[in-house]
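Student: Could we go through this protein together? I would like to start with how the chain is laid out.

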Amino acid sequence: MKHITKVFALAIVAIGFSTQVNAQATASASASATIVTPISITKTVDLNFGNVGASGTAGTVVISPAGVRSTTGGVSLPATAGTVAAASFNVAGEANYTYAITLPASVTISSGANNMTVNAFTSTPSATGTLSALGAQTVTVGATLNVGASQASGVYTSGTPFDVTVNYN
């Protein structure tokens with residue numbers, strides 16, 4: 001009986017020191033995605049420098065994103081201003097998201113065989129915009145019109161509209 005008691009006690013001690021070994025473990029994860037409202041941009045107003053007076057000296061007309069004109073060089077602004085407007089665009093998308101604004105480097109406007117370059121585009125907001133809680137914002141765009149010395153008179157327009165691009169950040 002002593003021998004059985006020793007074997008039984010040894011078995012209990014062995015069971016107490018045994019450990020369970022797991023060769024594998026498993027965890028679970030969920031997959032999800034959120035589809036956001038696509039960003040869009042719509043032109044509401046074209047860029048228009050208005051009436052400009054040229055002279056024998058080259059110059060520029062700058063129109064700010066606020067629609068304010070200024071000149072350099074031999075360019076003048078007649079009392080009859082004509083239609084003056086910064087370009088305006090409505091941006092729509094996911095509420096409170098930020099987005100990047102990409103402006104063109106330059107565009108050529110022509111009247112027959114005569115050309116002028118529009119460049120140095122600027123915008124408000126500048127470079128990055130933030131959509132409102134309603135998912136909207138207005139972007140206004142100004143630029144610089146380069147008027148040559150003795151630039152020929154005429155109505156100058158761009159053969160191809162310029163692009164303003166917006167992308168979510």
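Tutor: From the N terminus on, the elements run α-β-β-β-β-β-β-β-β-β-β-β-β-β, where helices (H or I, at least four residues) and strands (E, at least two) are DSSP runs numbered from the N terminus. This is a predicted model, in which local features need pLDDT of at least 70 and side-chain atom pairs count only at pLDDT 80 or more, while totals for chains, interfaces and linings use all residues. Residues are numbered from 1 along each chain as its sequence is written, and side-chain values use heavy atoms, with hydrogens and water left out.

Student: OK, new topic: is Ser123 buried or exposed?

Tutor: Ser123, which lies in strand S9 (residues 114-124), is buried, because its relative accessible area is 8% and buried means under 20%, exposed over 50% and partly exposed in between (1.4 Å probe, protein chains only).

Student: And what does Ser123 touch?

Tutor: Not counting residues up to four places away in sequence, Ser123 touches Pro65, Ile101, Leu103, Val139, Thr140 and Val141, a contact being heavy atoms within 4.5 Å.

Student: What about Val141, which residues is that in contact with?

Tutor: Leaving aside neighbours within four places in sequence, the contacts of Val141 include Leu47, Pro65, Phe121, Ser123 and Phe162.

Student: Last one: how much of the whole chain is buried?

Tutor: Of the 169 residues of the protein chain, 27% count as buried.
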